[in-house]
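Please read the numbered points alongside the coordinates.

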Amino acid sequence: MAVTKRKRRGGPAFQAKKLKRNEKDAKPPAKPSDVAEEAEEEERDRIPGPVCKGKWKNKERILIFSSRGINFRTRHLMQDLRMLMPHSKADTKMDRKDKLFVINEVCEIKNCNKCIYFEAKKKQDLYMWLSNSPHGPSAKFLVQNIHTLAELKMTGNCLKGSRPLLSFDPAFDELPHFALLKELLIQIFSTPRYHPKSQPFVDHVFTFTILDNRIWFRNFQIIEEDAALVEIGPRFVLNLIKIFQGSFGGPTLYENPHYQSPNMHRRVIRSITAAKYREKQQVKDVQKLRKKQPKTILPHDPTADVFVTPAEEKPIEIQWVKPEPKVDLKARKKRIYKRQRKMKQKMNRGNAK
């Protein structure tokens, strides 16, 4: 008996069988309108898949750290910025004796091309450096009116790691130094697209406003599509000092003529208070001199006594009889008590015998 050969699945017999089954199950072609309706129903019922993260091309990394000697408010502000900027990195505090050029090496070690450095002086003045490492430019600011997230207690809130919108005042495009700062701020504060630690949502706005030759920073939450905003925080004011061509140094591109150092400001306040004190002392000295001067005696004015009415004269009574002495009731009571005590003592002695 001959052994029958098995037919392979890729053979013509298997394909013919498949074709026959398909022909049986085949239906007449559907109309294009029916196909469109079915596609719409499928799209409605379809569960949206995870958001596709594309390629991370803009690899901006920001190093945010500070010098030694900062206070608690500066530390909280630094932590708030790190939380709002997922593309930031942290580092240990830098010694105040080290030169600022060392920061470029730290950025290179941390693989960062931008830097936000907080420099504290006299434990009360705070300076902020924004730098493009290692080639520049860099800008130095005096930070004023700091209010952190924990301090403000605003009602706004945003998703951690979400991407912000950057809103700039139209005054940034009027002057060249503000245009340079605008580009620097855009590169530092904008979260790169498809960053691994960022979320693909835009739910808050960073606003940079120029007022009184200063840059005012605010952070708002977008709560509705009609652009209703609620402040989140933090908030602070940047007073520009200088813009340098290099990173943390180099030729000066711009110097703010309206800038007044904190030492000069405190000196002006002290001089104003000292001037007030000196003025008060001068007034007191003048009053003392006036008191020491002899008083000028003016002649009597007869018209001053027109409405003065003389008092009635009372008759003088002479007492011929000596008045009786007043009786001291307290002394009399004391005498009575003394007598009673003596009598009691005598009685007690007699009974004892």
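**Notes on the predicted model**

1. Phe178 is located in helix α6, which spans residues 176–189; helices here are DSSP runs of H or I with at least four residues, strands are runs of E with at least two, and both are numbered from the N terminus. Phe178 counts as buried because its relative accessibility is 10%; buried means under 20% relative accessible area, exposed over 50%, and partly exposed in between, with a 1.4 Å probe and protein chains only. In sequence, Phe178 and Ile210 are separated by 32 residues, while their C-alpha atoms lie 9.3 Å apart in space.

2. On provenance, the model is predicted, with local features requiring pLDDT of at least 70, side-chain atom pairs counted only at pLDDT 80 or more, and totals for chains, interfaces and linings using all residues. Residues are numbered from 1 along each chain as its sequence is written, and side-chain values use heavy atoms, leaving out hydrogens and water.

3. How many disulfides does the structure hold? The number is 0, a disulfide being a pair of cysteine sulfur atoms within 2.5 Å. The cysteine sulfur closest to that of Cys107 belongs to Cys115 and is 4.2 Å away, which is too far for a bond. Cys107 counts as buried because its relative accessibility is 0%. Cys115 is likewise buried, with a relative accessible area of 0%.

4. The structure holds 7 salt bridges, each defined as a side-chain nitrogen of Lys or Arg within 4 Å of a carboxyl oxygen of Asp or Glu. One of them joins Arg73 to Glu151, with the closest N and O atoms 3.4 Å apart. This pair links distant parts of the chain, since Arg73 belongs to helix α3 (residues 72–84) and Glu151 to helix α5 (residues 149–152), 78 residues apart. Arg73 is partly exposed, at a relative accessible area of 29%, and Glu151 is also partly exposed, at 35% relative accessibility.

5. A salt bridge also connects Asp173 with Lys182, where the closest N and O atoms are 3.2 Å apart. Asp173 counts as exposed because its relative accessible area is 55%.

6. Between Arg218 and Glu231 there is a salt bridge whose closest N and O atoms are 3.9 Å apart. Here too the pair links distant parts of the chain: Arg218 lies in strand β8 (residues 214–222) and Glu231 in strand β9 (residues 229–231), 13 residues apart. Are these two residues, Arg218 and Glu231, buried or exposed? Both are buried. Together with Arg235, Arg218 and Glu231 are linked in a network of salt bridges.

7. Ile316, Ile318, Trp320 and Val321 make a nonpolar surface patch of about 610 Å². Patches consist of residues with over 30% relative accessible area and no salt bridge, like charges being joined within 9 Å and nonpolar side chains (Val, Leu, Ile, Met, Phe, Trp, Tyr) within 5 Å. Areas follow the Shrake-Rupley method with a 1.4 Å probe, and for residues only the protein chains shown count as cover. Ile318 sits in the loop between α7 (262–292) and α8 and counts as exposed because its relative accessible area is 61%.

8. A positive surface patch includes Lys330, Arg332, Arg335, Lys346 and Arg349 among its members. Lys and Arg count as positive and Asp and Glu as negative, with His and the chain ends not counted; the charge is placed at NZ of Lys, CZ of Arg, CG of Asp or CD of Glu. Arg335 lies in helix α8 (residues 329–352) and is exposed, at 52% relative accessibility.
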